[in-house]
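Thanks for giving me a few minutes this morning. Please have a look at the sequence and the model first, and then I will go through them.

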Amino acid sequence: GFTGTPIFDANASQQKIEDTQVSMRTTADLFQKQLHAYTITHAIEDGNVLRFHVDYFKPEGKNPPKPGEAIAKKAVIEAILSKHDAATGGRRFNAILATASINDAIEYHALFKTLQAQRVQEKQAADPDFKPLNIACVFSPPAQLAENPESKKDIEQLSEDLPQEQEDNKVEPEAKKKALEAILADYNTRYGTNHRLSEFDLYYQDLQKRIKDQQWPNADYPPAQKIDITIVVDMLLTGF
């Protein structure tokens with residue numbers, strides 16, 4: 001049979017030109033009538049996809065921040081930190097935080113680091129055994145800044161189906177490179193690894209493996225090796 005994710009105006013990447021009219025090419029343009037639809041609801045009912053829970057965040061107060069503002073990100077992180085243990089059964093499961101852009105991912109990672117450092121000081125005074133969440137972040141680096149042809153090829157292959165990241169990396173690529181290097185440095189310190197930007201694919205594979213290895217109820221997997229939350233752009237890790 002035929003299967004695939006339908007292409008609508010919002011996620012279309014190819015243009016359709018008719019005379020002087022330009023529009024985006026969609027699935028309906030190509031196939032016209034839909035023969036059958038197999039949705040996520042069907043997949044869950046058939047047991048092909050795990051059930052999932054969507055938790056919405058609603059800012060409180062008289063002057064709630066607008067989406068995308070720095071204070072909104074801080075509020076989102078505080079909400080995540082306050083409910084993560086309960087939502088994951090005492091950290092038996094991990095989570096993905098999908099952001100709208102590379103800059104958002106960078107900012108969320110930095111805020112998690114700052115706010116968790118504050119929580120450690122507050123929590124460990126009452127509970128010496130308290131451990132902060134292990135936070136990882138991944139996005140494709142700017143391919144144009146790759147150190148060698150092989151690395152550039154790996155990065156281009158990784159970001160081939162990630163148009164949002166390709167566009168993001170066109171703006172201030174050096175800044176994004178430095179941010180990703182700092183993220184890798186934090187990762188190396190936490191897990192005792194030695195990943196480098198020139199071998200980004202190895203970092204990506206290691207991160208994937210840690211997420212996959214944390215399969216509940218795998219009690220033998222050390223908590224220090226787990227990734228509790230992975231920050232991604234759009235859904236870079238949908239292959240999981």
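What you see is a predicted model, in which local features need pLDDT of at least 70 and side-chain atom pairs count only at pLDDT 80 or more, while totals for chains, interfaces and linings use all residues. Residues are numbered from 1 along each chain as its sequence is written, and side-chain values use heavy atoms, with hydrogens and water left out.

The protein has eight helices and five strands, where helices (H or I, at least four residues) and strands (E, at least two) are DSSP runs numbered from the N terminus. Read from the N terminus, the order of elements is β-β-α-α-α-β-α-β-α-α-α-α-β. Of the 240 residues, 32% are buried, and here buried means under 20% relative accessible area, exposed over 50% and partly exposed in between, with a 1.4 Å probe and protein chains only. If we take the contacts with a separation of 6 or more, 63% of them join residues 24 or more positions apart, contact being heavy atoms within 4.5 Å.

Let me turn to the helices. The buried residues of H4 are Ile102, Ala105, Tyr108, His109, Phe112, Leu115, Gln116 and Val120. As a reminder, an α-helix has 3.6 residues a turn, so residues three or four places apart point the same way.

Helix H8, residues 200-213, has 14 residues and reaches 20 Å from its first C-alpha to its last, close to the 20 Å expected. Its buried residues include Phe200, Tyr203, Asp206, Leu207 and Arg210.

How do H7 and H8 cross? The axes of H7, residues 173-191, and H8 come within 12 Å and cross at roughly 50°, with axes being lines fitted to C-alpha atoms, for helices over the stretch in contact, and angles running from 0 to 180 degrees between N-to-C directions. That makes H7 oblique to H8, given that angles under 35 degrees count as roughly parallel, over 145 as roughly antiparallel, 65 to 115 as roughly perpendicular and the rest as oblique. On the H7 side the contact is made by Leu180, Ile183, Leu184, Tyr187 and Tyr191, and on the H8 side by Phe200, Tyr203, Asp206, Leu207 and Arg210.

Now to the single residues. His84 lies in helix H3, residues 70-87, and counts as buried because its relative accessibility is 5%. Leaving aside neighbours within four places in sequence, His84 is in contact with Arg91, Leu133, Asp228 and Ile229.

Finally, where in the chain does Gln32 lie? Gln32 is in the loop between helix H1 (27-31) and helix H2 (40-45), with a positive phi near 60° in a residue other than glycine, and at 60% relative accessibility Gln32 counts as exposed. Glu172, in the loop between helix H6 (163-168) and H7, has a positive phi of about 50° although it is not a glycine, and at 56% relative accessibility Glu172 counts as exposed.

Definitions and conventions. Expected span 1.5 Å × (residues − 1).
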